[in-house]
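Subject: Model for your files

Hello,

Here is the model I promised to pass on. My notes on it follow below.

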Amino acid sequence: MNIDEIVRILRKEARNNNTPVVELIEERSHDAFKVLASTILSARTKDETTMNASRRLFESVKNPENLAELSLKQIEELIYPVGFYRNKAKFLKKLPLYLGNGVPDTMDELVKIPGVGRKTANIVLSIAFNKKVIAVDTHVHRITNRWGLAMTKTPLETEQALMKKLPEKYWNEINYLLVSFGQNTCTPISPKCSKCLIYNYCMRVGVKKHR
Ligand code: SF4
């Protein structure tokens with residue numbers, strides 16, 4: 001599998017698709033607090049909705065202290081209509097309690113924060129701290145299995161498989177490249193294989209229906 005060529009194609013696709021996730025990453029990439037808060041907002045939510053909610057939130061909230069000053073109701077109003085906004089507002093309300101020394105830069109510390117799982121932690125480590133990690137979400141898991149690269153059953157297994165098979169220089173960007181690709185081409189149901197530029201590199205494992 002020619003990973004260098006695949007990444008080159010994915011980068012071009014991401015630029016052409018102009019996917020909100022790319023814009024979102026560029027906007028928040030220098031502030032660990034913003035990366036963490038907006039990644040908490042992003043779970044089960046369209047990127048565009050996350051981006052708009054993040055912008056509204058960060059107009060009032062520049063740091064954990066600002067967040068602590070808001071009521072739960074105010075946070076809910078700022079982040080609505082992200083998915084599960086009531087739960088996420090509760091997570092954000094508790095966030096300042098965990099950030100006394102700033103946003104942690106280790107997996108062990110990050111996953112202690114309410115609303116932060118392994119995927120969110122890896123996104124924070126990757127984008128905010130530039131650590132060499134692979135954030136595996138549903139797109140990364142699905143697509144690398146369709147390629148025949150991962151051959152795994154769970155996102156955690158995929159993370160471990162990709163750490164062995166994917167050159168380290170691509171670890172940080174593979175998540176947003178595949179989120180963009182997964183939203184536009186290699187979609188969960190009926191991927192657009194007939195016009196996929198990666199077709200010749202893909203084993204299409206488990207793909208029964210495609211366009
Ligand atoms: S050929 Fe089909 S299954 Fe393979 S990456 Fe492209 S869209 Fe996805």
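How many residues does helix α1 have, and what does it reach from its first C-alpha to its last? Helix α1 covers residues 3–17, which is 15 residues, and reaches 20 Å between those two atoms. That is close to the 21 Å expected at 1.5 Å a residue, the expected span being 1.5 Å times one less than the number of residues. Helices here are DSSP runs of H or I with at least four residues, numbered from the N terminus.

Before the rest, the ground rules. This is a predicted model, in which local features need pLDDT of at least 70 and side-chain atom pairs count only at pLDDT 80 or more, while totals for chains, interfaces and linings use all residues. Residues are numbered from 1 along each chain as its sequence is written, and side-chain values use heavy atoms, with hydrogens and water left out.

Helix α1

The buried residues of α1 are I3, I6, V7, I9, L10, E13 and A14. Buried means under 20% relative accessible area, exposed over 50%, and partly exposed in between (1.4 Å probe, protein chains only). Seen down the axis of α1, the buried residues fall within an arc of 160°, so they line one face of the helix; the arc is that of the directions from the helix axis to the C-beta atoms. An α-helix has 3.6 residues a turn, so residues three or four places apart point the same way. R15 and N16 are exposed, on the face of α1 turned away from its buried side. Just after α1, N18 has a positive phi of about 50°.

Helix α6

In α6 (residues 72–79), I75, E76, L78 and I79 are buried. Viewed down the axis of α6, they fall within an arc of 165°, so these residues also line one face of the helix. Exposed K73 and E77 are on the face turned away from that buried side.

The ligand

The ligand is surrounded by R146, W147, F181, C186, P191, C193, C196, Y199, C202, R204 and V207, each with a heavy atom within 4 Å of it. This shell has nine nonpolar, two charged and no polar residues. For that count, Ala, Val, Leu, Ile, Met, Phe, Trp, Tyr, Cys and Pro are nonpolar, Asp, Glu, Lys and Arg are charged, and the others, Gly among them, are polar.

Two further residues

L197 is in the segment after α12 (171–184) and is exposed, at 54% relative accessible area. L197 and L10 are 187 residues apart in sequence and 8.8 Å apart in space, C-alpha to C-alpha. P114, in the loop between α8 (107–110) and α9 (118–127), counts as buried at 18% relative accessibility.

Regards
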